[in-house]
Amino acid sequence: QVLDERMMTLKDRVLKYLIRNKGSFVSGEKISESLGISRAAVWKHISSLRQDGFEIDSASRRGYMLIGDADIINPQIISDSLRTSFIGKKIIYMDSIGSTNDHIKSIAGGSTDGTVVIANEQTKGKGRMGRYWHSQKGDGIWMSMLLKPHIAPNKASIITQIAGAAIVKALDEFGVSAMIKWPNDIILNGKKLCGILTEMAAEIDRINYIVLGMGMNVKSDNFPDEISDIATSLYKEGHAIKRADIIRSIFENFERLYVDYIKNDDLKEVVEICRERSAVIGKDIYVITWSEKKKARALDISQNGDLLVEYKDGRKESLVSGEVSI
Ligand code: BTN
């Protein structure tokens, strides 16, 4: 175990060295000298990086050159160049796991605020309302954040919308203009691109922790029949963006909006984004509760993120959280 960790660190250090010199050759000798490891070890780590999917050119006497980093999620690389103070500073990456939400719950007690679990594949991905979340290997961003805010449990549901706003902002940076189906589905060209599943462990007046799970379809092409009409991916909509870049941007946008709320009770930017990019305001929708599905018109989103709806009989209601369909 200890040896494995040391090897990981060295491999990451070799990778970092190559990234810093991207586009030019660096000799094996130079890498071995700067990292204090043998040439054979350098070579071993280079082969292993190639196996991970990094494209590394080599030429005799000139050394190695990083050409491309495909679409790899490398936790070290993400958190190193990340401009946040706690979100994503610690990343646990797994090639395959049941559910990242469940995994983070199992380590929540001993983990710090802002820890993130990311998986390349989920075998038991969970959606809202007990549904299954399709999370095929390499196809998307399947991740969960651990949050330990000092707020009352009844103030937590808005965190889902904060995440939605952060995701939309992050996608904007890559020229993707997505919408939010209140409270927490991210929609692109009328289809679902991303879902959020927020879980909480709390006492009646105190939050132990919150798990914020996000699933974004990035490269998915063939969805299962049941969802093929309603789901989409960035790839399907014509966007090729690296998962690591989106993840970094989600962390940065989320931290800003989340800290505004937790520290200053300020939801201004979040509500502005949720309103401007709402996929439901002005539309006829269904409000779904435990027992029924009621037709209503979505009127607006209030200053605190509630969805204001008007039913057929003229009765108005302010929804704090829940599920609506278009
Ligand atoms: C939904 O729209 O129903 C919510 C989907 C949430 C999926 C994500 S993927 C990462 C995290 N782990 C899970 O098991 N689910 C969430």
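This is a predicted model: local features need pLDDT of at least 70, side-chain atom pairs count only at pLDDT 80 or more; totals for chains, interfaces and linings use all residues.
**A pocket, a core and a few residues**

Me: Which of them gives the largest share of the lining?
Reply: That is β8, with 5 residues of the lining of the largest pocket.

Me: How much space lies in the largest pocket?
Reply: About 880 Å³. The lining has 40 residues, and those closest to the pocket's centre are Arg131, Trp133, Asp185, Lys192 and Ile230.

Me: How do the lining residues divide into nonpolar, polar and charged?
Reply: The lining of the largest pocket has 17 nonpolar residues, 13 polar ones and 10 charged ones.

Me: Which domains does the lining draw at least three residues from?
Reply: Domain 2 (75-276) and domain 3 (284-325) each supply at least three.

Me: OK, back up. What domains is the protein divided into?
Reply: Domain 1 covers 2-68, domain 2 covers 75-276 and domain 3 covers 284-325.

Me: How many Å separate the centres of domain 2 and domain 3?
Reply: Taken over C-alpha atoms, the two centres are 24 Å apart. Their contact involves 13 residues from domain 2 and 15 residues from domain 3.

Me: New topic. Which members of the largest nonpolar core touch the most other members?
Reply: Ile162, Leu171, Met216, Leu234, Phe251, Phe254 and Leu307 do, out of 65 residues in that core. Helix α6 (residues 158-172) gives the most to this core, namely 10 residues.

Me: Let's pick Ile162. What does Ile162 touch, leaving out residues up to four places away in sequence?
Reply: Ile162 touches Phe254, Leu257, Tyr258, Tyr261, Leu267 and Val270.

Me: Now Met216. Is Met216 buried or exposed?
Reply: Buried. Its relative accessible area is 2%, so Met216 falls under the 20% cut-off. Met216 lies in strand β9.

Me: What does Met216 touch, not counting residues up to four places away in sequence?
Reply: Its contacts are Asp139, Gly140, Ile141, Trp142, Ile167, Leu171, Leu193, Cys194, Leu234, Ile246 and Ile250. Take Ile141: Met216 and Ile141 are 75 residues apart in sequence, and their C-alpha atoms are 5.1 Å apart in space.

Me: Let's switch to Ser32. Where is Ser32?
Reply: Ser32 sits in helix α2 (residues 28-35). Ser32 is buried, with a relative accessible area of 11%.

Me: And what is Ser32 in contact with, leaving aside neighbours within four places in sequence?
Reply: Ile37, Ser38, Arg39 and Val42.

Me: One last residue. Where does Gly36 lie?
Reply: Gly36 is in the loop between α2 and α3 (39-52).

Me: Is Gly36 buried or exposed?
Reply: Exposed. Gly36 has a relative accessible area of 64%, and therefore passes the cut-off of over 50%.

Me: How many Å separate the C-alpha atoms of Gly36 and Leu10?
Reply: The separation is 9.8 Å, for two residues 26 apart along the chain.

Note on methods
Residues are numbered from 1 along each chain as its sequence is written. Side-chain values use heavy atoms; hydrogens and water are left out. A nonpolar core is a set of buried Ala, Val, Leu, Ile, Met, Phe, Trp, Tyr and Cys residues joined through side-chain atoms within 4.5 Å. Buried means under 20% relative accessible area, exposed over 50%, partly exposed in between (1.4 Å probe, protein chains only). Helices (H or I, at least four residues) and strands (E, at least two) are DSSP runs, numbered from the N terminus. Contact means heavy atoms within 4.5 Å. On a 1 Å grid over the protein atoms alone, a cavity is a set of points where a 1.4 Å probe fits but cannot get out, and a pocket is an open set with protein on both sides within 12 Å along at least five of seven lines; lining residues have an atom within 4 Å of a point. Grid points are joined across faces, edges and corners, and a volume is the space filled by probe spheres set on the points. Ala, Val, Leu, Ile, Met, Phe, Trp, Tyr, Cys and Pro count as nonpolar, Asp, Glu, Lys and Arg as charged, and the others, Gly among them, as polar. Domain bounds come from an automatic or database domain assignment.
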